[in-house]
Amino acid sequence: MQVEALALLLAASVNSGTALALAALGLLVNERAGVLNLGAEGLMLVAAIAGFAAAVHTHSEFLAFAAGAAAAGALSFLFALLVVFLNTNQYATGLALSLFGSGFSAFVGVPYTQETLAERARPGLGALARLPVLGPLLFSFHPIVYLTVLFVVGVSWFLFRSKGGLVLRAVGESPEAAYALGYPVRRIRVLAVVAGGALCGLAGAFISVVYTPLWVEGMVAGKGWIALALTTFATWRPARVLLGAYLFGGVTMLELHLQGEGVDVPMQFLTMLPYLATIVVLVLIARNPTWIRANMPASLGKAFHPGA
Amino acid sequence: MLRLEPRVEPSRTMAYLSPLLALVLTVLMGAALFLALGKDPVRGLDMFLVEPLASWRALGELSIKATPLILVALGLSVAFRSNVWNIGAEGQFILGSVFATRVALMATPSSTPSLFVLALLAGVAGGMLWGGIVAWLRDRFSANEILVSLMLVYVAEALLSYLVSGPWKDPHGYNFPQTATFLDAARVPPLVAGSRANVGLPLALVLAGLGWVFVNRTYAGYKLEVGGLAPLAARYAGFSSRSALWTAFLVSGGLAGLAGALEVTGPDGQLTTHVPLGYGFAAIIVAFVGRLSPLGVIFSAVLMSMFYIGGEMSQSRLGLPKSLTGVFQGLLLFALLTCDTLIGYRLRFSRERSLGASRLPSALAARTAAASREG
């Protein structure tokens, strides 16, 4: 019985960590190319409302995810134009994206606050999902959860095993050298930002279409910022991002679990848990600055002026 | 073909023109947005740009919104100038309102009518505490201040929600998450009897003046700025980046806390979960649009307050969501950052794609200028 409960808790952690994993993976792609995107929170909010609206109107989850990824991809293209071609300050521009995203999503989301999505059949792989322990632990997730794992493997392969990934990392480490070798540094950065943004979009759509599923103003609730912390925590490695995201998902689940158990702690203190955990993580990773510096893309956050 | 050519030196003129240009762009985008929503753009823009200034009543309303924005943006300007990224002013604002509430709730009918001063000081302390935590974690453990200050916003929100729905809940409040209404002794007095504007406004203006003196006329302000612009040079000169960090967080936290305290002891008169209105985030835009200048933020805070009031009016009159304000705020910052490119670059129209080599002298000069800016 205990094992069964533990399996359910682990499964719930994976489920709740998936949005974080997708977003952090997207940010990792950005940062590996040398672009720091503080706008993740805004991207996820806009994707959440775009995905939710698409789900309400088309009843198709596939289109909902496509809409989320497209909306976030388009916005991050705008961000990329500013930081890559106009060399605007990456911090300030990312903040602008977050502020705009939260305002814009609240604005267009008003008609959807009362909407609900039609009940769906529980996803799962048929008979396998009914297995005790293994069923909930391995076989009853939403397809996106499996896809996230595939994305992690794919991004990992791309970054460290393919030529394209090598070029992308070179652009993040030393844009001058990559430029001198004849690579279109700025175009590569824009592509990386848009691809990463689209992943953040999938994360946003996952929250509003699958995880919650509702639209509430500001519903991303800091996950975009936590994802930013995760990329550093994971020293810019996809597999560690996935692990870290599931760990964080576990913290969120712990919060809900304790609430459910009727632990005598005010609900608001449990709400603080993921944020306090992030602060603890930020403190822990910063204890070893040389380790961070050794792994951090060398040109992260710095503008690149071709020919200058 | 249109291209950007680096300027040898950043343009001072463009630094001041850029916010105006950004405003024009935002207004144009706003007009387009109203058209797209099927509303009369003239009427819509009128609500944002004219009506908030059109009467004494409107100006009183404007001052209530501008006061916290001036205070928070003033602190953020000091922080951003020293290249310290305090993004969590919203949390420091909340802590200020919480600390002030603690004092305000102690008021009895026989309290001295200046109890509000104590409440405001408590608010400053609350904001400094919340900012100080970030400075300490950064200083002691070099934890990223952007993310830590932001995480503390969520923690502050949860704390606020706990207090007003738990220990501080008004027993006669029909179970709403709010404290009892403060007694008069704990309220900031109005500027003129019957007006909504209160003494917070002159206080904010005086502090902005002091801020200007601090930044432009004192050695401490100079050290702070050098530390931000050129950390290596600052270290060479013996200026401590640690003290810059602490100053930035204590000043910006304290001012955000004061703004929060003024909010609960002024227009609100009680602590509710609706006290944080996003001023802490909007003030980031105010600080940038005001060119991180203590006097500049006064103007940009007024502008941002007009956006708030315009948003409220377009909700009641045009049936548009109030969050239109947030859209305009975001657009303004985007436009500003775009226009700011013109500070470091000039736009050139040219037929042919010129080769870098033919412009070697100027390219070299620009490179040195850029290097000295970044160094």
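This report walks through the two chains of a predicted model, then the place where they touch and a few residues inside.

**The two chains side by side**

Let us start with overall make-up. Chain A comes to 13 helices and zero strands, and reading along its sequence gives one α after another: α-α-α-α-α-α-α-α-α-α-α-α-α. Chain B holds 14 helices together with two strands.

The table collects some overall values for each chain.

| Chain | Residues | Radius of gyration | Span along principal axes | Buried residues |
| Chain A | 308 residues | 20 Å | roughly 65 × 45 × 40 Å | 51% |
| Chain B | 375 residues | 23 Å | about 80 × 60 × 35 Å | 51% |

In chain A, 78% of the contacts with a separation of 6 or more join residues 24 or more positions apart. In chain B, residues 24 or more positions apart account for 78% of the contacts with a separation of 6 or more.

**Where the chains touch**

How many residues of chain B are in contact with chain A? There are 42 of them, and they meet 38 residues of chain A. On the chain B side, the elements giving two or more residues are α5 (115–141), α6 (145–165), α11 (279–289), α13 (324–344) and α14 (360–374). Of these, α13(B) gives the most, with twelve residues. By residue type, the side of chain B that touches chain A divides into 29 nonpolar, eleven polar and two charged residues.

**The nonpolar core**

The largest nonpolar core has 211 residues, and A:A23 and B:V72 are those with the most contacts inside it. Helix α9 (residues 185–211) of chain A supplies the largest share of this core, 16 residues.

What surrounds A:A23? Leaving aside neighbours within four places in sequence, A:A23 is in contact with A:A40, A:M44, A:L199, A:C200, A:A203, A:K223, A:G224 and A:A227.

**Helix α1 of chain A**

Helix α1 of chain A covers residues 2–32, which is 31 residues. At 1.5 Å a residue the helix should span 45 Å, and the end C-alpha atoms are 42 Å apart, so the two agree. Even so, α1(A) bends by about 40° at A:G17. After the helix comes A:G34, which has a positive phi, near 95°.

**A glycine in helix α11 of chain A**

Another glycine to look at is A:G250, which lies in helix α11 (residues 238–260) of chain A. Is A:G250 buried or exposed? A:G250 counts as buried because it has 20 C-beta neighbours inside 10 Å, and the cut-off for burial is 20 or more. A:G250 and A:N15 are 235 residues apart along the chain, yet their C-alpha atoms are separated by 9.4 Å.

Terms used
Residues numbered from 1 in each chain as written. Chains lettered and ligands numbered in written order. Predicted model: local features only at pLDDT ≥ 70, side-chain atom pairs only at ≥ 80, totals over all residues. Contact = placed C-beta atoms within 7 Å. Helix = DSSP H or I, 4+ residues; strand = E, 2+ residues; numbered from the N terminus. Nonpolar A, V, L, I, M, F, W, Y, C, P; charged D, E, K, R; others polar. Rg over C-alpha atoms; globule rule 2.2 N^0.38 Å. Buried ≥ 20, exposed ≤ 12 C-beta atoms within 10 Å, placed from the backbone. Core = buried A, V, L, I, M, F, W, Y, C linked by C-beta atoms within 7 Å. Expected span 1.5 Å × (residues − 1). Bend = angle between axes of the 7 residues up to and from the residue.
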